[in-house]
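Student: Could we go through this model together, with a few questions about how the chain packs?
Tutor: Happy to. Let's have a look.

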Amino acid sequence: MSQYLVLTAMGADRTGCVSELTKLASECGCNILDSRMAIFGLEFTFIMLLNGDNRAIVQIENKLPAVAHSLDLITMMKRTSGYKSQDFTRHYQAEYAGIDQPGVLKAMTAFFATRNIDISSLKSEIDPQSNNMSAQILFALTENTDIETLENEFLQLCEQIDVQGCIKQVNSNLL
């Protein structure tokens with residue numbers, strides 16, 4: 001029976017760390033179902049959703065601490081039940097930009113949460129020299145969701161918090 005493990009690693013951004021972690025997953029017999037990597041300052045974070053039989057998952061759980069130590073990484077692992085396939089038919093990206101001010105990201109994430117829309121990816125940045133911020137939020141909807149209403153409400157929120165924003169459909173093949 002297939003088992004699932006979420007593995008997170010953080011450390012100094014050095015060439016080869018992601019390669020070593022994916023190599024370990026492969027050597028243990030795990031499949032990488034999903035992964036994300038991001039650089040924050042001089043640090044990187046890497047997240048993988050792995051699956052494999054019980055032997056493979058136990059093997060990576062046992063081997064990861066030594067590999068992480070050799071790479072000077074902080075790691076976390078959590079078993080999970082996998083992921084459920086949702087009936088999403090349309091994928092969108094909400095974008096907004098403006099002068100940085102407290103509470104904007106909180107308002108944006110709350111906008112989606114109160115409508116029971118899961119965020120699949122979020123990227124936000126602030127330029128400290130200009131004090132401008134921007135963000136992109138990826139999300140998916142089922143056929144039953146009224147995108148026009150959602151977009152109008154999103155634009156109203158953007159106006160209330162004094163940012164420029166839009167929602168555009170993205171090709172799900174590019175995700």
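Student: Let's start inside. Which residues does Phe 112 touch, leaving out those up to four places away in sequence?
Tutor: Keep in mind that this is a predicted model. With residues up to four places away in sequence left out, the partners of Phe 112 are Ala 94, Ile 117, Ile 119, Ile 137, Phe 139 and Phe 154.

Student: Which members of the largest nonpolar core touch the most other members?
Tutor: The largest nonpolar core holds 21 residues. Strand S5 (90–99), helix H3 (104–113), strand S7 (132–141) and helix H4 (147–160) each give two or more residues to this core. Nonpolar side chains tend to be buried together in soluble globular proteins. Here, the members that touch the most others are Tyr 96, Met 108, Phe 112, Phe 139, Phe 154 and Val 163.

Student: And how many residues are in the other core, the one with Leu 5 and Leu 50?
Tutor: This core lies apart from the largest one, and Ala 56 and Leu 71 are also among its members. Its count is 20 residues.

Student: Leu 5 interests me. Is it buried or exposed?
Tutor: Leu 5 sits in strand S1. Beyond its neighbours within four places in sequence, its contacts include Met 48, Leu 50, Ile 57, Ile 60 and Met 77. Its relative accessible area is 0%, and under 20% counts as buried, so Leu 5 is buried.

Student: How far apart in space are Leu 5 and Thr 145?
Tutor: In sequence, 140 residues separate Leu 5 and Thr 145. From C-alpha to C-alpha, the distance in space is 32 Å.

Student: Now helix H2. What span should its 18 residues have, and how far apart are its end C-alpha atoms?
Tutor: H2 covers residues 54–71.

Student: At which residue does H2 bend?
Tutor: The bend is about 35°, and a proline, Pro 65, follows within four residues. Just after the helix, Asp 72 takes a positive phi of about 60°. The bend itself is at Leu 64.

Student: Which elements do the buried residues of H2 pack against?
Tutor: The buried residues in H2 are Ala 56, Ile 57, Ile 60, Leu 64, Ala 68 and Leu 71. An α-helix has 3.6 residues a turn, so residues three or four places apart point the same way. The elements that the buried residues of H2 pack against are strand S1 (3–12), helix H1 (17–27), strand S3 (43–52) and strand S4 (74–80).

Student: What about polar residues? With which side chain does that of Arg 90 make a polar contact?
Tutor: Arg 90 is found in strand S5 and is buried, with a relative accessible area of 12%. Leaving out residues up to four places away in sequence, it touches Phe 139, Glu 143, Ile 147 and Gln 169, among others. Its side chain makes a polar contact, at 3.3 Å, with the side chain of Tyr 92.

Student: Which side chain does Asn 51 contact in this way?
Tutor: Asn 51 is placed in strand S3 and counts as buried at 10% relative accessibility. Among the residues it touches are Tyr 4, Cys 30, Leu 33 and Ile 57. The polar contact, at 2.7 Å, is with the side chain of Ser 2.

Student: Where does Asn 116 lie, and is it buried or exposed?
Tutor: Asn 116 has a positive phi of about 55°, although it is not a glycine. It lies in the loop between H3 and strand S6 (119–127). Its relative accessibility is 72%, so Asn 116 counts as exposed.

Student: What relative accessibility does Asn 131 have?
Tutor: Asn 131 is in the loop between S6 and S7. It is not a glycine, yet its phi is positive, at about 65°. It counts as partly exposed, with a relative accessibility of 34%.

Student: To finish, what pattern does the protein chain follow along the sequence?
Tutor: The chain has four helices and eight strands. Of its 175 residues, 31% count as buried. Read along the sequence, the pattern is β-α-β-β-α-β-β-α-β-β-α-β.

Methods:
Residues are numbered from 1 along each chain as its sequence is written. This is a predicted model: local features need pLDDT of at least 70, side-chain atom pairs count only at pLDDT 80 or more; totals for chains, interfaces and linings use all residues. Side-chain values use heavy atoms; hydrogens and water are left out. A nonpolar core is a set of buried Ala, Val, Leu, Ile, Met, Phe, Trp, Tyr and Cys residues joined through side-chain atoms within 4.5 Å. Buried means under 20% relative accessible area, exposed over 50%, partly exposed in between (1.4 Å probe, protein chains only). Contact means heavy atoms within 4.5 Å. The expected span of a helix is 1.5 Å times one less than its number of residues. The bend at a residue is the angle between axes fitted to the seven residues ending there and the seven starting there. A polar contact is a pair of N or O atoms within 3.5 Å; within protein, one must be able to donate a hydrogen and the other to accept it, and residues adjacent in sequence count only if both atoms are side-chain atoms.
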